[in-house]
Amino acid sequence: GPWKDKPGVDGVIQAVAGLMSVTGSADAPPCKIQVPVVDIVTGYLAAVSVLAALTQRDKTGTGQHLDISMFGSAVALQQSALAAYLADQIIPERIGSAAPYAAPNEALRCADGWIMVAAYQPARWKALCEIVGVPELLTDPRFMELAGRIKHRTELVLALESQMRLQTKEAWILALEAADIICGPINNYAEVVRTPPYVEANLSEQMEHSSAGFITMPRFSLKAIGRSEERRVGKD
């Protein structure tokens, strides 16, 4: 492509490809995703492309030249946001943890921190208002429909948080999950490595390094299921 000779790193690609324009809050400086997501997804897409090319070679005997672009990978990460822009030509704003197409679908403050809550479907929205103790929001003209909740997101969040600040994250998560409301704590890495799915999947492992000795590293999250596990899963 025309930029084939330009040097690039993850952060600069995030900027040029638009990721930084939709990351962070409107009142904060430009922000990038703090993990090198473009580096990582470019590697994944390269691996998928290689596998697809090998499959075609096995079927046709013909190889391919693969051109994997960091810029193209960064654009591919933004399919929903970019599709919305291409449809309506409205440049999306930076709205922090919120989803531009739904509300409430964002981080909400509790007494001891934040939880992420997705309760924009009608039944979950109704249940959320009842559990949080703000049933009056259900008849408020600003919040009765999804479009209104998106338009008046700031007022909506303030109304919900006025009650959610009175109880802990754990208390709210237990209450919301019991009502089938999708939610979860905003974990730091120390909390992530103690979560049941992380522990059950054994997503880190120790390995011996020639100079550093034994170190703990993340494991690749995809792994084949052995025959014994297949039989056990089939029984269950």
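Predicted model: local features only at pLDDT ≥ 70, side-chain atom pairs only at ≥ 80, totals over all residues.

Guide: Asp180 is partly exposed, with a relative accessible area of 49%. Exposed would take over 50%, so Asp180 stays in the partly exposed class. Asp180 belongs to the loop between α8 (169–178) and β3 (182–185). Now look at the backbone. Phi of Asp180 is positive, about 65 degrees, yet Asp180 is not a glycine.

Next, move to Asn202. Asn202 also has a positive phi without being a glycine, near 55 degrees. The loop that holds Asn202 runs between α10 (196–201) and β4 (204–209). Asn202 has a relative accessible area of 41%, which makes it partly exposed. Follow the chain into β4. β4 runs antiparallel to β5 (residues 213–218), and six bridges join them. Together β4 and β5 make a hairpin, with three residues between them. Within this pair, Gln206 stands opposite Thr216 of β5. In a regular strand, side chains alternate between the two faces of the sheet.

What do α8 and β3 pack against? Both meet the buried residues of α5, as do β2 (113–118), α6 (146–151) and α7 (153–164). Helix α5 spans residues 122–132. Its buried residues are Arg124, Trp125, Ala127, Leu128, Cys129 and Val132. In an α-helix there are 3.6 residues a turn, so residues three or four places apart point the same way. After α5 comes Gly133, with a positive phi near 95 degrees.

One of the partners of α5 is α6, and α6 holds Ile150. Ile150 is partly exposed, at a relative accessible area of 25%. Which residues does Ile150 touch beyond four places in sequence? They are Pro100, Tyr101, Ala102 and Ala103. Ala99 is 51 residues from Ile150 in sequence, but their C-alpha atoms are 9.0 Å apart in space. Ala103 has a further feature. Its peptide bond to Pro104 is cis, with omega about -5 degrees. Pro104 is in the loop between α4 (79–88) and β1 (105–110).

Now turn to Thr23. Is Thr23 buried or exposed? Thr23 is buried, because its relative accessible area is 15% and the limit is under 20%. Its place is the loop between α1 (10–16) and α2. A polar atom of the Thr23 side chain lies 2.7 Å from the backbone oxygen of Leu19. Beyond four places in sequence, Thr23 contacts Cys31, Lys32, Ile33 and Arg94.

Ile68 is partly exposed, with a relative accessible area of 33%. Ile68 sits in the loop between α2 (37–60) and α3 (70–76). Ile68 is part of a nonpolar surface patch of about 450 Å².

How values were computed:
Residues numbered from 1 in each chain as written. Heavy atoms only, no water. Patch = residues over 30% accessible without salt bridge, like charges linked within 9 Å, V, L, I, M, F, W, Y side chains within 5 Å. Areas by Shrake-Rupley, 256 points an atom, 1.4 Å probe, with all protein chains shown as cover. Salt bridge = Lys/Arg side-chain N within 4 Å of Asp/Glu carboxyl O. Helix = DSSP H or I, 4+ residues; strand = E, 2+ residues; numbered from the N terminus. Buried < 20%, exposed > 50% of the residue type's maximum accessible area, 1.4 Å probe, protein only. Polar contact = N/O pair within 3.5 Å; in protein donor to acceptor, adjacent residues only side chain to side chain. Contact = heavy atoms within 4.5 Å. Pairing = 2+ DSSP bridges.
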